[in-house]
Structures are given as structure tokens and as C-alpha cells.
Amino acid sequence: MPLLEGKVAIVTGAGRGVGRGHALELARQGAKVIVNDLGGEYDGTGDDNRPATEVVNEIKAMGGEAAANFDNVADFKGAENMINQAIETFGDLNILINNAGILRDRMTFNMEEAEWDAVVTVHGKGHFAPTKFACTYWRNKSKETGNPVHGRLIHTSSESGLFGNAGQPNYDFAKAGLISFSLCVAKEMVKYGVTSNAIAPRARTRMTEGTFGNIPKPEGFDAWDPDNVAPWVVYLCTEEAAHITGQCFVVTGGEVSLIEQHHVCNTINKGDRWTVEELVAKSAELFGDRATGAPARFPVSSGAAQ
Ligand SMILES: NC(=O)c1ccc[n+]([C@@H]2O[C@H](COP(=O)([O-])OP(=O)(O)OC[C@H]3O[C@@H](n4cnc5c(N)ncnc54)[C@H](O)[C@@H]3O)[C@@H](O)[C@H]2O)c1
């Protein structure tokens, strides 16, 4: 029995890469899927209806139900239109996977204003706008019926947002912000039956080609296949995962890692205002055996960041 029979899902940026895998797996599990993609280049320029249309055709060929949406997720009206399309076409909305993304990599000292704005807008506003309209629908529905809804939000961060990656200041800023955004929405929506979680995927797509080149496909299990990310994401959308919210996971190959989020690891407290001179002597106590200084103590991921 499919785990998402009768559920309605939206996946943004689902015409290619990781998002395409999410859309296909959701459909395999019985969900009706709005496949959003404006079909741009990896840097966000251009548009093309073909990627989203092709994924819709793949789902229909499997016997599933799907419809294409070509809106820009970072456009407020476009995001509202996409949420309304799901409700009007399939009668409800249960799952929103915010996945659409672009890159404009450059060192901080070389980055232009337009490069910063484009990336921060697509990832930041492109997550906020669809989430806002989905949450408005779920809150109203829950208030009308007096019952929690089955609402699932997945936000797509990155190991670059978790661990930092030189040459991606715009991307790192946006991807780090999405983790706190996900936690904020988790706290706001828990009483309405909505969960909100963040993932940091790692897979071979056109986005990673620019950074890592052409990663070869091995004979056996391909740990870089973008379709490896979907099973964990689709699991988070099921009733069985109703208790998982406000979390962050790195997902790649056959590996799912739970990321421990910010926590206080040590405190010094004088009970009065410190002087700078006192802190010169005391700061080592705050760090304990955690040696300070780059690069040895920079946080690291288990694999390559993107
Ligand atoms: N591939 C990786 O290893 C990796 C690592 C970390 C994070 N990510 C994140 O995963 C997500 C998917 O990336 P991918 O690797 O599959 O890249 P991809 O370029 O293959 O797919 C992204 C899709 O999003 C679409 N898109 C871009 N801007 C859009 C917009 N404004 N509105 C609607 N659609 C838009 C593009 O047309 C494209 O089809 C992104 O958020 C990316 O930052 C990927």
C-alpha cells in the first residue's frame, strides 16, 4: 500500500536533479504532484517549460497524477498561484518541498550586488513565499475543521550553509538562514499538525558539475545518484514521521545524518560586566580543550560541501 495515497504535494525546482527524484518518489507513494520548475539555467537566467513538463509526463506514464507549474518561486504572486493551483487541481495541499535553487559563486571580495541578490532571493524568498501561502491554507483549514491537518514542509539547505564554503558567500548565507527558518516555522505550525524539517543533500547534478566536475558513475551502487535523496524526504512526508519536526539532516547515497543544531557548549559568567583585560586571561577557560584558530578548528562535513 503506498504511504501517501490521496495526498497532494508540490515540489519546487522539480524539473531536474534532486527535485525530480522527490517528485517521482512522491508519485510512486500515491501522492498527486505539482511539478514546479521555471526551467532556468543553473545561475537562474532564462526559462523553459520542458523540464517540468517532462517530469509530469514521466509521472503520468507510471500511472500517477501530476500537473506542471512554471512559476518563479521567488515571486510572491507566482508562489501564491502555485499553492492555489494545487488546491484547485487536486482539491487539497499536504506537502510542500522547497527545493528550487541557483548558484552564482564568487569570493566575497569579487561578488557583485546582483550576484548576491539573485541567490539570496531565490533561496530565501523562494522558500518563504510558498511556505507562507501553504501555512496560511493549513492554518485556516485547521481552524475551520477544528482538527490538525497533515502538513509537511521540507526546506533544502546545504552543507555549505552548515559548514561554510569559501567562494559561496551568498549561497552560504541563504542556506544557513533556511535552517533557522525551518525551525521557526516548525514552532509556529506544530499546533496545526504541520511539520517542518531541513535537508542538506549531496548528489551529482548540474549544480555540482560546476564545482566537482563530472563525477563518474560506478558499476554498482551510485552514491552520487540524485534519486538517493528522495526516500528520506518522502519518509518525512508520511504519517509515520509526524513526530519529526524542526530537524536537519544531511542526505546522500545510502547515508542519512542527523545534524545536532546549535547548543551552548560552555559558559563563563562573572555575575558582573567583564573588563577586556579580565577576558584576555579568562577566554581560554571558555574554549576549554577546543583549540582556537584556523584552519584546524573550522567545522567540517563528512563529505564535499555544495
Ligand atoms: N546537488 C547537490 O549536491 C546539492 C547540495 C546541496 C544543496 N543542494 C540544493 O538542492 C536543491 C536542488 O539542486 P540540484 O542540485 O538538483 O540543482 P538543479 O540545478 O539540477 O535543479 C534545480 C532546479 O530548480 C529550478 N529553479 C531554479 N530557480 C527557480 C525558481 N526561482 N523558481 C522555480 N524553479 C527554479 C531550476 O530550473 C532547476 O531545474 C537546490 O536548492 C540546491 O541548492 C544541492
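Which residues in H1 meet which in H2?

1. Quick caveat: this is a predicted model, so local features need pLDDT of at least 70, side-chain atom pairs count only at pLDDT 80 or more, and totals for chains, interfaces and linings use all residues. Numbering runs from 1 along each chain as its sequence is written, and side-chain values use heavy atoms, with hydrogens and water left out.

2. On H1 and H2: Arg20, Ala23, Leu24 and Ala27 in H1 meet Val55, Glu58 and Ile59 in H2, contact being heavy atoms within 4.5 Å. Helices here are DSSP runs (H or I, at least four residues), numbered from the N terminus.

3. The axes of H1 (residues 17-28) and H2 (residues 50-61) come within 10 Å and cross at roughly 25°. Axes are lines fitted to C-alpha atoms over the stretch in contact, with angles from 0 to 180 degrees between N-to-C directions. That makes H1 roughly parallel to H2 (angles under 35 degrees).

4. Then H4 (residues 113-145) and H6 (residues 169-189): their axes come within 8 Å and cross at roughly 15°. H4 is therefore roughly parallel to H6. Among the residues in contact are Trp116, His123 and Trp138 in H4, and Tyr171, Phe173 and Met189 in H6.

5. Some backbone distances: a ligand oxygen is 2.9 Å from a polar backbone atom of valine 18, and a ligand nitrogen is 3.1 Å from one of valine 73. For alanine 203, a backbone N or O atom lies 2.9 Å from a ligand oxygen.

How values were computed
Helix = DSSP H or I, 4+ residues; strand = E, 2+ residues; numbered from the N terminus. Parallel < 35°, antiparallel > 145°, perpendicular 65-115°, else oblique. Polar contact = N/O pair within 3.5 Å; in protein donor to acceptor, adjacent residues only side chain to side chain.
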